[in-house]
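I set out to record what I looked up in one structure, entry by entry. The sequence and the coordinates come before the notes.

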Amino acid sequence: MSTVPKVLVCGYNPYGYLQAIARGFAENSCETRILEHCNATVLDLDRRRGIKRWRRTRRLTAINRRLRQAAKEFAPDIVFFINAEPVFPELLRELRRQATLVVRAADAIANVRLPTD
């Protein structure tokens with residue numbers, strides 16, 4: 001007896017990208033959930049100072065907290081990211097340890113910047 005794969009679709013959501021991707025997984029017999037977040041990146045943290053860095057860090061921490069909680073509650077087999085820029089490398093490693101397949105897709109090839117992990 002096979003189980004239905006669970007897919008968590010995450011990312012910034014211009015033009016309804018996440019709903020379209022989730023619909024594609026659902027049409028292929030997957031159970032899907034969406035985690036939408038603001039457009040932010042861990043890659044700019046070292047370039048920020050003072051209040052801007054504090055705000056960015058707070059925003060990124062909130063995104064990562066929500067993602068960790070969603071992964072814990074939903075227990076996805078696959079986490080599909082549109083860019084993985086707001087995700088802390090330690091959270092990516094944690095998801096991989098949970099035997100979750102992590103897929104990073106770019107929304108535009110010119111925007112591809114991956115955090116080192």
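**Entry 1. Basis of the notes**

I noted that this is a predicted model, in which local features need pLDDT of at least 70, side-chain atom pairs count only at pLDDT 80 or more, and totals for chains, interfaces and linings use all residues. Residues are numbered from 1 along each chain as its sequence is written, and side-chain values use heavy atoms, with hydrogens and water left out.

**Entry 2. Confidence**

I looked up pLDDT, the predictor's confidence in each residue, from 0 to 100. The mean pLDDT of the protein chain is 82, and 81% of its residues reach 70 or more. Among the elements, strand 2 has the highest mean value, 95, and strand 4 the lowest, 83. I kept in mind that where pLDDT is low, the predicted coordinates should not be read in detail.

**Entry 3. Order of elements**

I took helices (H or I, at least four residues) and strands (E, at least two) as DSSP runs, numbered from the N terminus. The protein chain has three helices and four strands. Along the sequence they follow the pattern β-α-β-α-β-α-β.

For accessibility I used relative accessible area: buried is under 20%, exposed is over 50%, and partly exposed is in between (1.4 Å probe, protein chains only). Of the 117 residues in the protein chain, 38% are buried. I counted a contact where heavy atoms lie within 4.5 Å. Among contacts between residues at least 6 apart in sequence, 61% join residues at least 24 apart.

**Entry 4. Helix 3 and its cover**

Which residues of helix 3 are buried? In this helix, residues 89-97, I found Pro89, Leu91, Leu92 and Leu95 to be buried. Seen down the helix axis, these buried residues fall within an arc of 160°, so they line one face of helix 3. The arc is that of the directions from the helix axis to the C-beta atoms. I recalled that an α-helix has 3.6 residues a turn, so residues three or four places apart point the same way.

The cover over the buried residues of helix 3 includes helix 2 (50-74), strand 3 (78-82) and strand 4 (101-105).

**Entry 5. Helix 2 against helix 3**

At what angle do helix 2 and helix 3 pack? I read an angle of about 5°, with the axes 11 Å apart. The axes are lines fitted to C-alpha atoms, for helices over the stretch in contact, and angles run from 0 to 180 degrees between N-to-C directions. Helix 2 and helix 3 are therefore roughly parallel to each other; angles under 35 degrees count as roughly parallel, over 145 as roughly antiparallel, 65 to 115 as roughly perpendicular and the rest as oblique.

From helix 2, Asn64, Leu67, Arg68 and Ala71 meet Leu91, Glu94 and Leu95 of helix 3. By class, this contact has four nonpolar, one polar and two charged residues. Here Ala, Val, Leu, Ile, Met, Phe, Trp, Tyr, Cys and Pro count as nonpolar, Asp, Glu, Lys and Arg as charged, and the others, Gly among them, as polar.

**Entry 6. Positive phi**

Ser29 sits in the loop between helix 1 (17-26) and strand 2 (31-36), and counts as exposed at 52% relative accessibility.

Ala75, also a residue other than glycine, has a positive phi near 50°. Ala75 lies in the loop between helix 2 and strand 3 and is partly exposed, with a relative accessible area of 42%. Ala99, which follows helix 3, has a positive phi near 65°.

**Entry 7. Loop residues**

Is Thr100 buried or exposed? Thr100 is in the loop between helix 3 and strand 4, and I found it buried, with a relative accessible area of 7%. Not counting residues up to four places away in sequence, Thr100 touches Pro76, Asp77, Ile78, Val79 and Leu95.

His37, in the loop between strand 2 and helix 2, is buried at 9% relative accessible area. Beyond residues up to four places away in sequence, the contacts of His37 include Cys10, Tyr12, Ile63, Arg66 and Pro86.
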